[in-house]
Amino acid sequence: MSIRTCTGTSGAATAGRVSRRGFIGAVVAAGALGGRRSTGAVVPSAAQATSGAGASNTPALLGGTPVRRTPFPSWPVADGREEDALVRVIRSGRWNRGNNVSSFESAYAALTGAKYCLATANGTSALITSLAALGVGPGDEVIVPPYTFVATINSVLLMRALPVFADTDIDTFQIDARKVERSITGRTKLILPVHLGGSAVDLDTIFEVGRRRGITIVEDACQAHLAEWRGRKVGTYGKTGCFSFQASKNLNSGEGGALLTDDEALVETCYRFHNNSRGRGNNGDDFSYRNIGANLRLTEFQAALLTTQMTRLEAQARTRDANAAHLTERLRQIPGIAPARMYEGCTRNAYHLYMFRYDPSHFAGLPRTAFIEALAAEGIPAQGGYSPLNKQPFLDDAFSAPGFRTIYSNTRMDAWREQNECPQNDRLCTEAVWLVQTMLLGPRQDMEDIAEAIRKLQATAPQLVKATAAR
Ligand SMILES: Cc1ncc(COP(=O)(O)O)c(C=O)c1O
């Protein structure tokens with residue numbers, strides 16, 4: 001699975017997307033599968049279709065009737081309003097950062113309750129801009145979760161700083177705030193928690209530690225638009241809070257990002273950094289610079305799209321919330337399925353992802369990958385989510401490159417490797433199952449279908465296990 005898909009799919013969430021060629025091939029070889037249309041949809045064999053026998057208690061992957069054939073809602077959602085907004089930008093003749101970007105910044109700040117918002121090219125840029133403006137650099141350590149999209153730690157590595165992984169709270173899928181403090185050393189510059197899947201990390205505990213130890217906190221809220229901690233929007237607690245508007249996100253302009261802050265001086269430093277070190281109103285012929293910077297600006301097209309998409313955000317969030325609550329109520333009744341728990345302080349979950357843990361022992365030992373394949377055949381596309389970031393081979397490659405070796409001694413890297421164990425996260429990466437946010441945007445019946453498909457797989461798991469064994 002590509003890393004991008006792991007952040008949520010960027011296209012329509014349609015049934016049967018997950019590749020099941022390997023499983024089906026083996027099952028066909030074992031003579032268990034009915035037939036398949038050229039679209040890839042699994043259909044019953046002629047005998048099953050005429051007799052109707054076994055349709056509901058045969059998994060669709062083995063020729064039974066799928067629980068659903070209707071696709072889940074597609075994404076993005078757009079109509080003439082987005083078209084008009086884009087046409088207006090084209091006709092204005094101003095395509096680079098201008099009034100549309102400034103208006104979007106004011107609107108997003110107002111929506112979240114932040115004093116300042118700076119729009120950026122994407123969420124990664126918002127993180128990089130924040131870290132650069134806060135002076136994170138070579139030799140520094142930044143505490144991060146191992147269960148996140150790779151951009152969180154790439155932003156740290158690009159500053160030539162060391163990501164230090166604090167283990168995951170397996171019940172919530174979030175960084176375990178109780179384990180953050182033990183990762184602090186004399187070189188810790190920043191704590192960078194991620195509101196994973198749109199839920200909130202335990203901000204009370206993280207801020208208590210940060211205040212007591214004098215360490216700045218930046219929130220990666222790239223997946224958490226409109227999420228709240230104790231009634232206040234996430235992304236407004238940290239020194240900055242970073243958001244992504246990449247195509248899969250709940251607020252979407254294809255690519256795009258923003259950072260929030262209440263610090264006037266900091267937003268100006270961020271502005272300069274994202275504008276190749278040039279200040280506001282200085283896009284003309286003044287070629288004097290203060291610091292290192294980059295061009296990480298949002299365009300007028302993206303801002304116009306975002307301003308329009310924002311008019312849909314609250315209603316979509318309410319639909320996701322209501323559907324997610326219903327789905328949780330249903331899934332809690334299924335042994336072996338454990339929906340991600342929310343901390344008591346999380347007063348609103350953005351549900352960028354609906355996440356649960358899967359325990360094969362309640363499914364006759366059916367492995368998670370086979371469960372996901374069988375679920376897709378029932379018309380419910382799902383994903384297995386992230387692999388452990390702290391164990392990515394590219395980290396070792398990066399650390400053995402000359403740039404890092406001149407900064408970090410062998411002794412320091414050995415110490416880093418020793419503390420870099422996240423057993424709870426390792427376990428979570430084998431148990432997690434994700435449904436993307438678009439699946440929560442349809443009618444209540446969609447949630448019933450998801451629960452029914454899982455119940456069906458539980459009832460028919462022995463058949464699937466047998467077919468898997470025949471591979
Ligand atoms: C947790 C997290 N952090 C950072 C990013 C980076 O955002 P972008 O893809 O807009 O650069 C993403 C988005 O994919 C994300 O999910």
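**Exercise 1. In what kind of crossing, left-handed or right-handed, does α4 pass α10?** Determine also how the two helices are oriented and which residues meet.

*Solution.* The structure is a predicted model, in which local features need pLDDT of at least 70 and side-chain atom pairs count only at pLDDT 80 or more, while totals for chains, interfaces and linings use all residues. Residues are numbered from 1 along each chain as its sequence is written, and side-chain values use heavy atoms, with hydrogens and water left out.

Step 1. Identify the elements. Helix α4 covers residues 80–92 and helix α10 covers residues 300–331; helices (H or I, at least four residues) and strands (E, at least two) are DSSP runs numbered from the N terminus.

Step 2. Two packed helices are described by the angle between their axes and the distance between the axes. The axes of α4 and α10 come within 9 Å and cross at roughly 155°. Axes are lines fitted to C-alpha atoms, for helices over the stretch in contact, and angles run from 0 to 180 degrees between N-to-C directions.

Step 3. Classify the orientation. α4 and α10 are therefore roughly antiparallel (angles under 35 degrees count as roughly parallel, over 145 as roughly antiparallel, 65 to 115 as roughly perpendicular and the rest as oblique).

Step 4. Assign the hand. The crossing of α4 past α10 is right-handed; this term applies if the near helix is turned clockwise from the far one by less than a right angle, and left-handed if anticlockwise.

Step 5. List the contact (heavy atoms within 4.5 Å). On α4, the residues are Arg 81, Glu 82, Ala 85, Leu 86, Val 89 and Ile 90; they meet Glu 300, Phe 301, Ala 304, Leu 305, Thr 308, Gln 309, Thr 311 and Arg 312 of α10. The residues of this contact between α4 and α10 comprise seven nonpolar, three polar and four charged (Ala, Val, Leu, Ile, Met, Phe, Trp, Tyr, Cys and Pro count as nonpolar, Asp, Glu, Lys and Arg as charged, and the others, Gly among them, as polar).

**Exercise 2. Which residues are closest to the ligand?**

*Solution.* Step 1. The ligand is surrounded by 18 residues (a heavy atom within 4 Å), the closest being Gly 123, Thr 124, Asp 220, Ser 244 and Lys 249.

Step 1. Consider polar contacts (pairs of N or O atoms within 3.5 Å). An N or O atom in the side chain of Asp 220 is 2.8 Å from a nitrogen atom of the ligand. Polar side-chain atoms of Ser 244, at 2.7 Å, and of Lys 249, at 2.8 Å, each lie by an oxygen atom of the ligand.

Definitions and conventions:
A polar contact is a pair of N or O atoms within 3.5 Å; within protein, one must be able to donate a hydrogen and the other to accept it, and residues adjacent in sequence count only if both atoms are side-chain atoms.
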